[in-house]
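Take a look at the aromatic rings in this protein.

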Amino acid sequence: MKKFLSVLLVAALALTLTLSFVSCKDNAANGNENADEFKLGVILLHDEASTYDLNFIEAVEKAAKALGFKDTQVIMKKNIPESNACYEAAADLVDMGCDVIFADSFGHEDFMIKAAKEFKDVEFCHATGTKAHTEGLANYHNAFASIYEGRYLAGVAAGMKLNEMISAGTITAEQAKIGYVGAFTYAEVMSGYTSFYLGAKSVCPSVTMEVQFTGSWYDENEEKNAAIALMNNNCVLISQHADSMGAPTACEERNVPNVSYNGSTVAACPNTFIVASKIDWTPYIKLICENAMKGEAIPTDWTGTIETGSVVLTDVNTQAAAEGTVEKLADVKAKLISGETKVFDTATEGFITVGGEPLTTYLADVDTDADFAGDTEAVSDGYFHESEYRSAPYFNVNIDGITLLNSKF
């Protein structure tokens, strides 16, 4: 009898240990046991000197703080070019024990995919890319945000400034011309400057815009020279989709109003900076870390919005902005959220035209291929459905009112 009870006791103890082991494994898979060991790797095209990369750095730091990460749990690799150096950086981050690796530039994508195919136990997340939804890799993910809505709002602020200048007699309605410094002739840039222009047009119908491309995401001299060239060509307000302080500095030196991107430049440009739109990547960084720690899937192709806190505006600089700008932006923002206002509105007569004709149909290149052939009808229900069929922008229509002074691919 004693022997029998002893056997039962041993069996019970073994069962308890087994259940305990299984429980520990489940907890680890759900992130409860290894949260302190979790590591996030970040690959950046430039460093803090770039407004674009600084925006990502700040988002990573905010997300890490919210998640309670120690300094050793976030590893950043800066100034990583869009070349095989990105793959090498990713492989190094894998060797350093990173569970999730995030890269911030469009040209990093193919090298991140290469790494994802090799290191299947690591999650690879990429901003602004286009291929996750067609690659079919369980550990490769794209993300972007509906920044066209933020650009539109910034354009409204620009249009109000133009109206103020017209009312003051500084310019005529026909002289309401915006200059825009762009990096490349990519859909991301084209979507951005078009939505910015449409925001301005929604309040200043006579506005036109000229775009000068630099052929680089970050070249302070080229961006400054482009802004100066646009001002010399009678552009009375400047905006940008490029990453340095080149254009804002040129505006401050010439006292020309400026709408920036990725962050406020008011400290350096107190007399000319109006407002800036940007993507706040904090919600996404938190999402990918939390999901990885819980063992839950990361969305293949994620689009942040105004409502998720991913599309934001900086504070309006009332010293440079037109009176009533803050109130107007709040009103338009509410209408964007409710759906009453659509950025790429094709239903309102004369708002978006191409060669004088309304835009009623457009095959967008959503499933990226070598020929960049259109594959998805993007115009329906009275508007162009930007970032709804994939997160990265695909609006690349040359609409009336915008003149491209050059092109850079």
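**Rings and their partners**

Tyr-394 has a relative accessible area of 2%. That is under 20%, so Tyr-394 counts as buried. Keep in mind that this model is predicted.

Which residue pairs with Tyr-394 in a tilted arrangement? Phe-384 does. The two ring centres are 6.0 Å apart. The planes meet at 40°, so the pair is tilted. This pair links distant parts of the chain, 10 residues apart. Phe-384 belongs to strand β18, residues 383-384. Tyr-394 sits in the loop between β18 and β19. Phe-384 is buried too, at 2% relative accessibility.

Now widen the view. Ring pairs join Phe-384 and Tyr-394 into a cluster with Tyr-148, Phe-344, Tyr-362, Tyr-389 and Phe-395.

How many aromatic pairs does the structure hold? There are 22. One of them is formed by Tyr-180 and Phe-196. Their ring centres lie 5.9 Å from each other. The angle between the planes is 55°, and the pair is tilted. Tyr-180 is in strand β6, residues 177-182. Phe-196 is in helix α7, residues 187-203. So the pair ties together a strand and a helix, through residues 16 apart in sequence. Tyr-180 and Phe-196 are both buried.

Look at Tyr-261: the charged end of Arg-151 sits over its ring, 3.6 Å from the centre. Then find Tyr-87. Lys-114 lies over its face, 4.3 Å from the ring centre.

Note on methods:
Residues numbered from 1 in each chain as written. Predicted model: local features only at pLDDT ≥ 70, side-chain atom pairs only at ≥ 80, totals over all residues. Heavy atoms only, no water. Phe/Tyr/Trp six-rings, centres within 6.5 Å; stacked < 30°, edge-to-face > 60°. Helix = DSSP H or I, 4+ residues; strand = E, 2+ residues; numbered from the N terminus. Buried < 20%, exposed > 50% of the residue type's maximum accessible area, 1.4 Å probe, protein only. Lys NZ or Arg CZ within 6 Å of the ring centre and 35° of its normal.
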